[in-house]
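Here are my notes for you, written as numbered points. Keep the structure open while you read and look up each part as it comes.

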Amino acid sequence: CILELLWKCREVQKNWKSDTIIEIGRRFVQARYLNASKERRSEAIRLCEDICYNLRRVWGSLDPKTLEMSDLLSQLYTNMGHTREAQGVHENILRLVTEGDDGDDRTHDTMDSPTARHQVELLKQSFLRLRGWDKSPDIYADLIRDLKAMPEYRSQPEWADVKPTNEWNPKEAASETEGKFEAPQKWYLVKPENFNEKGEIKEPQKSGKRPGMSAKRVTSNWGMTFVNKMVNGAQENGVSNGMQKNGYPTDSGNGKSSTEEVEEL
């Protein structure tokens with residue numbers, strides 16, 4: 001698979017930008033999921049979990065690239081019938097909006113109103129598919145109430161139709177497409193809008209970051225333990241690379257997963 005080769009090549013391609021590595025990883029996850037049997041699609045999910053974990057640690061959970069990959073993870077969970085895990089993805093994202101991200105003032109602390117509203121819709125779709133909540137209903141009622149009360153959102157028109165969760169009807173039919181994974185129509189590694197007039201890749205925008213943020217990248221062994229396990233035919237054990245099945249890390253003795261190390265540029 002060309003995408004798998006590109007994914008492995010990031011070990012030696014030290015001049016590749018982080019955005020390029022992330023996009024290759026995203027496409028690799030999508031291709032592996034689409035080309036695998038149902039029994040082996042969990043391999044694509046575990047790789048996506050690993051990449052999400054890296055992005056959360058490096059750029060924070062609310063960075064646009066992290067959110068894009070987290071949405072993909074939720075979509076794969078949904079397609080595989082892991083609706084509780086999908087619900088957890090969006091609950092955790094929205095909780096970080098109300099409570100703040102990871103305490104690192106170099107990362108995003110919030111998201112724009114349309115993006116937050118979309119996360120609420122994805123949470124609702126998981127509620128409809130599960131026919132209820134994974135935890136106490138009060139937890140989600142408080143979360144949505146707090147979101148609607150935030151100064152950034154309360155006067156925005158897209159929030160006008162967000163009802164309290166006790167008015168959400170679990171018998172309502174879920175969307176056939178919203179929150180589900182669909183094969184890409186085009187397999188861009190760099191989207192056309194990200195090229196300038198000279199055909200060069202535009203520099204990523206720094207908006208949403210606080211002053212003093214340093215550039216970071218993930219080391220070349222992003223997800224490589226997982227790839228090596230697949231190549232060498234290792235047995236699945238239900239937990240991959242220090243990742244629990246819900247996509248959150250377990251410690252490997254030093255407080256971090258063995259494959260998720262970060263370095264300053």
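**Notes on the model**

1. On the α5 side, the residues in contact are Thr83, Arg84, Gln87, His90, Glu91, Ile93 and Leu94. They meet Ala116, Gln119, Val120, Leu122, Leu123, Ser126, Phe127, Arg129 and Leu130 of α6. Bear in mind that this is a predicted model.

2. How do these two lie against each other? The angle between α5 and α6 is about 155 degrees, and their axes are 9 Å apart. Angles over 145 degrees count as roughly antiparallel, so that is the label for α5 and α6. Their crossing is left-handed.

3. Now have a look at α4, which covers residues 64-79 and has 16 residues. From first C-alpha to last, α4 reaches 23 Å, close to the expected 22 Å.

4. Much of α4 is worth checking for burial. Among its buried residues are Thr66, Leu67, Met69, Asp71, Leu73 and Tyr77. What covers the buried residues of α4? The cover includes α2, α3, α5 and α6, so the pair from point 1 turns up here again.

5. At its start, a side-chain oxygen of Asp63 comes within 2.9 Å of the backbone nitrogen of Lys65. After α4 comes Gly81, with a positive phi near 85 degrees.

6. Finally, zoom out. The chain has eight helices and two strands, in the order α-α-α-α-α-α-α-β-α-β from the N terminus. Of its 265 residues, 43% are buried. Among contacts between residues at least 6 apart in sequence, 75% join residues at least 24 apart.

Conventions
Residues are numbered from 1 along each chain as its sequence is written. This is a predicted model: local features need pLDDT of at least 70, side-chain atom pairs count only at pLDDT 80 or more; totals for chains, interfaces and linings use all residues. Side-chain values use heavy atoms; hydrogens and water are left out. Helices (H or I, at least four residues) and strands (E, at least two) are DSSP runs, numbered from the N terminus. The expected span of a helix is 1.5 Å times one less than its number of residues. Buried means under 20% relative accessible area, exposed over 50%, partly exposed in between (1.4 Å probe, protein chains only). Contact means heavy atoms within 4.5 Å. A polar contact is a pair of N or O atoms within 3.5 Å; within protein, one must be able to donate a hydrogen and the other to accept it, and residues adjacent in sequence count only if both atoms are side-chain atoms. Axes are lines fitted to C-alpha atoms, for helices over the stretch in contact, and angles run from 0 to 180 degrees between N-to-C directions. Angles under 35 degrees count as roughly parallel, over 145 as roughly antiparallel, 65 to 115 as roughly perpendicular and the rest as oblique. A crossing is left-handed if the near helix is turned anticlockwise from the far one by less than a right angle, and right-handed if clockwise.
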